[in-house]
Each structure stands twice: as C-alpha cells, then as structure tokens.
Amino acid sequence: MPDSPRQDVRPAFRQWRAHRPFWGGLLLALGGAEILLTEKASLKVVMHIGMQGLAGYLLPAMMLLCGLLTIFSPGQRLFYSIIGILCSLGTWLTSNLGGFFIGLLLGAIGSCLSFGWLPDQEPRRGRRQRRKEARAAGNVQEAVQP
Amino acid sequence: MASSSDVNSSADHTPGIPESDSAPDPARRGRVRLRRAAVMAVPAVAVAAALAIMTAEGALGVQFSISGMPFTVTAKSLDGTGFEQFGDLDSMIPDSPNAGDTGGQVLIVTSAMKNATLDSLCQSVDLGGTNLLIKAGSGSSKVKASDLTTDSTELSGDASFNNIEIGNDASTLTKAGVKGKKGVFSQQADTVHIDNLRQTNYATTAGVFKLPGLKLSFSDSGC
C-alpha cells in the first residue's frame with residue numbers, strides 16, 4: 001500500500017500501540033505535564049526555598065519522563081510504573097497538592113494501567129459473542145456424539 | 001470463562017515483548033489485566049487517602065508554588081513574623097490567555113513572610129466557569145505557612161505592624177530572606193497582623209503549608 005500512505009498511518013499506529021502500554025504511559029506523562037504547568041514559580045524563589053522547592057519540580061518531571069519511557073521502552077514498564085506511582089503520590093506534598101489533585105489522579109491511573117498491562121493477550125470478546133461460541137461448541141459436540 | 005486467558009497471562013509474565021517481530025497475529029495485542037492493575041491501584045488509593053487525611057489533620061505540611069493564573073486568597077486574620085513588601089513586575093508566558101489588555105505584564109506587590117498563621121483560609125482559582133475552592137483552618141487549629149512569598153495585584157485588610165521600617169531599598173531587605181530589585185521602594189517589619197485579608201495573587205510559593213481541616217471542592221462562586 002505505498003500509494004496511499006495516509007490510509008496506512010492509522011492501522012500502523014494501532015499496531016504500534018498494541019505492543020506497548022500506550023494509554024497508561026500517556027496518562028502518566030500528561031499528569032506530570034499538568035503539575036508542571038500549575039507551578040511556574042520563578043527560579044529565584046525556588047533557589048531561596050532550596051531543596052524542598054526543587055523537589056516540587058523534580059517529581060512531576062520524573063512522572064513526565066516515566067510516562068514517555070513507558071511508551072517508548074515498554075520492556076521496563078514495571079520499574080517505570082512503580083517510580084511513576086511513587087512520584088505521583090509524592091506530588092501531593094511537594095507540588096500544589098498534586099497539581100490540584102488532577103495531575104495526581106492522572107498519574108496514579110496511568111501508573112496502574114502501565115503496571116497491569118501485559119503483552120500479547122487474546123482479543124477481547126463481548127459476553128454475547130462468548131455465549132454464542134459456547135453454544136456453537138455445544139452444537140458441535142451434539143453433532144459428534146451420535 | 002476467565003481461566004483460559006488467565007493461564008495465558010501467567011505464561012506471559014516475562015517482560016520481554018515481541019516488539020521487533022512485526023506481529024504474527026494482528027488480533028493478539030497488549031491489554032491491561034484488571035486484576036494485575038488492582039495490585040498497584042489498591043495500595044496507591046490507600047496511600048493517597050492516608051496522605052489526604054494526614055494533611056487535613058494538619059499532621060503533614062504541603063508545598064505550594066503556583067503562578068501564571070490569578071487566584072484569590074482570603075482569611076479572617078493573619079499573623080506573620082519577618083514581613084517584607086516591595087513592588088515588582090511579573091511577566092507572563094508569551095500569548096498567555098490571562099494577559100487580557102495588560103500586554104503580558106502585571107505590576108505586582110511581593111509580600112514575603114518568614115512564618116505566617118492564617119485563620120479560616122480560603123483560596124479559589126478560576127478555571128473558566130467553575131472555581132476550585134481550597135478551604136482550611138476554620139477549626140481550632142490554624143493554617144501555618146513558612147517561607148511564604150506571594151505576588152499580588154490587590155491586597156486589602158486592616159493591618160498593624162510592629163517595628164516597621166518604611167522606605168528601604170528593596171535589595172537591602174533582611175527580615176524574610178527575599179530580596180527585590182535595586183532602587184525599588186520597600187518596607188519590612190518584625191511582625192504583622194492583618195484582619196479580613198483579601199488578596200488577588202498571581203503567584204504564591206510556600207516552603208511548607210500546613211492545612212488542617214482541608215476541604216477541596218468546586219463551586220460557582222469564588223471566595
């Protein structure tokens with residue numbers, strides 16, 4: 001399909017997404033970015049407060065990094081998600097109550113999704129489809145028995 | 001029904017991911033297993049709840065550094081030690097939605113306090129439509145802040161100062177450890193008491209904020 005590259009992009013993206021905890025990493029990165037946006041204190045003030053003020057920037061930056069790394073290097077997702085959840089919870093103390101709670105929520109959900117993600121799963125089936133398959137299997141058995 | 005897929009999940013625990021091979025079966029893809037996610041979600045929620053409760057009881061201090069958006073702070077009374085005040089110019093980011101007709105720059109009054117105790121603190125941030133309200137310290141225990149620095153455009157209240165020095169150069173201030181630009185008018189005092197405080201702020205930074213009786217809510221009206 002080289003003649004229609006635009007149509008080719010969406011399935012390719014879907015395929016790329018299928019092999020990494022995409023939404024988990026994205027939510028974690030967004031959470032970190034949101035917290036960074038809410039705090040833009042001038043560098044002079046941060047220097048004055050010292051170590052504590054620095055932590056306020058360090059933790060959301062770590063969240064942002066962990067989120068991006070989860071997407072681009074999914075093999076290490078357990079490590080990134082654990083660091084991500086610790087940083088997310090830490091921002092409650094250091095960064096405006098976790099970016100007024102929104103960033104903390106995004107980060108926590110993203111970390112949990114990354115942690116729970118597993119590669120190479122069966123395609124999802126609805127309950128109705130599953131029942132239909134079971135019925136079909138039953139029919140086959142009946143047909144075989146006599 | 002879940003047994004067959006669970007067997008699969010336990011077999012796939014190895015972190016190696018078939019990233020390089022270009023998907024032998026496109027129907028099989030990575031998926032979030034809810035039970036696995038819950039292993040992390042349950043302790044995380046517990047820790048978050050513990051943090052929120054400890055903050056609401058005033059046992060844990062939190063840090064604040066907000067800027068770039070205007071917000072209002074009110075308090076019934078404020079007691080501070082090590083008080084400084086001087087004028088300054090705050091710049092917003094280019095094309096800030098909050099700029100309005102100000103040209104991206106606001107004339108502000110910077111107030112710095114070494115230690116502050118606030119009674120019935122109420123803080124509201126306008127999020128366009130709704131306001132985020134943060135209330136704390138209305139009970140017997142008060143809000144405590146250290147290294148509090150605020151940039152405000154409006155400041156009103158009934159103030160009384162102790163041992164005040166008016167007319168210092170802003171670069172020579174000593175009481176709270178923050179210094180302004182050279183040649184700017186400033187004042188400093190050992191202690192300050194303000195009743196019915198009302199500030200419109202553009203930036204706040206606090207080293208440690210202790211917020212007993214914290215209430216976080218959304219509301220139509222601000223403070």
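H7(A) and H2(B) pack against each other at an angle of about 150°, their axes lying 7 Å apart; the axes here are lines fitted to C-alpha atoms, for helices over the stretch in contact, and the angles run from 0 to 180 degrees between N-to-C directions. The two helices H7(A) and H2(B) are therefore roughly antiparallel to each other, given that angles under 35 degrees count as roughly parallel, over 145 as roughly antiparallel, 65 to 115 as roughly perpendicular and the rest as oblique. H7(A) passes H2(B) in a right-handed crossing, where a crossing is right-handed if the near helix is turned clockwise from the far one by less than a right angle, and left-handed if anticlockwise. From H7(A), the residues A:Ala108, A:Ser111, A:Cys112, A:Leu113, A:Phe115 and A:Gly116 meet B:Leu34, B:Arg36, B:Ala37, B:Met40, B:Ala41, B:Ala44 and B:Ala48 of H2(B). By class, this contact of H7(A) with H2(B) has 10 nonpolar, 2 polar and 1 charged residues, with Ala, Val, Leu, Ile, Met, Phe, Trp, Tyr, Cys and Pro counted as nonpolar, Asp, Glu, Lys and Arg as charged, and the others, Gly among them, as polar.

This is a predicted model, in which local features need pLDDT of at least 70 and side-chain atom pairs count only at pLDDT 80 or more, while totals for chains, interfaces and linings use all residues. Residues are numbered from 1 along each chain as its sequence is written, and chains are lettered from A and ligands numbered from 1 in the order in which they are written.

Within chain A, H7(A) also packs with helix H5 (residues 77-94) of chain A, at an angle of about 160° and with the axes 8 Å apart. H5(A) and H7(A) are therefore roughly antiparallel to each other, and their crossing is left-handed. The residues of the contact of H5(A) with H7(A) divide into 7 nonpolar, 9 polar and 1 charged.

A:Leu104, which is placed in helix H7 (residues 102-116) of chain A, counts as buried because it has 28 C-beta neighbours inside 10 Å; a residue is buried if 20 or more other C-beta atoms lie within 10 Å of its own, exposed if 12 or fewer, and partly exposed in between, with C-beta atoms placed from the backbone. Leaving aside neighbours within four places in sequence, A:Leu104 is in contact with A:Gly31, A:Ser88, A:Thr91, A:Trp92, A:Gly98 and A:Gly99, contact being defined by C-beta atoms, placed from the backbone, that lie within 7 Å.

Chain A has 8 helices and 1 strand, where helices (H or I, at least four residues) and strands (E, at least two) are DSSP runs numbered from the N terminus. Buried residues make up 42% of the 146 residues in chain A. Chain B has 2 helices and 9 strands, and buried residues make up 31% of its 223 residues.

The confidence of the prediction should be kept in view. Chain B has a mean pLDDT (the predictor's confidence in each residue, from 0 to 100) of 77, and 79% of its residues reach 70 or more. In chain B, confidence is highest in helix H2 (residues 34-56), at a mean of 87, and lowest in helix H1 (residues 3-11), at 40. Over residues 1-24 of chain B, pLDDT stays under 50. Where pLDDT is low, the predicted coordinates should not be read in detail. For the complex, the predictor gives an ipTM of 0.71 and a pTM of 0.63.

Conventions. Two residues are in contact if their C-beta atoms, placed from the backbone, lie within 7 Å.
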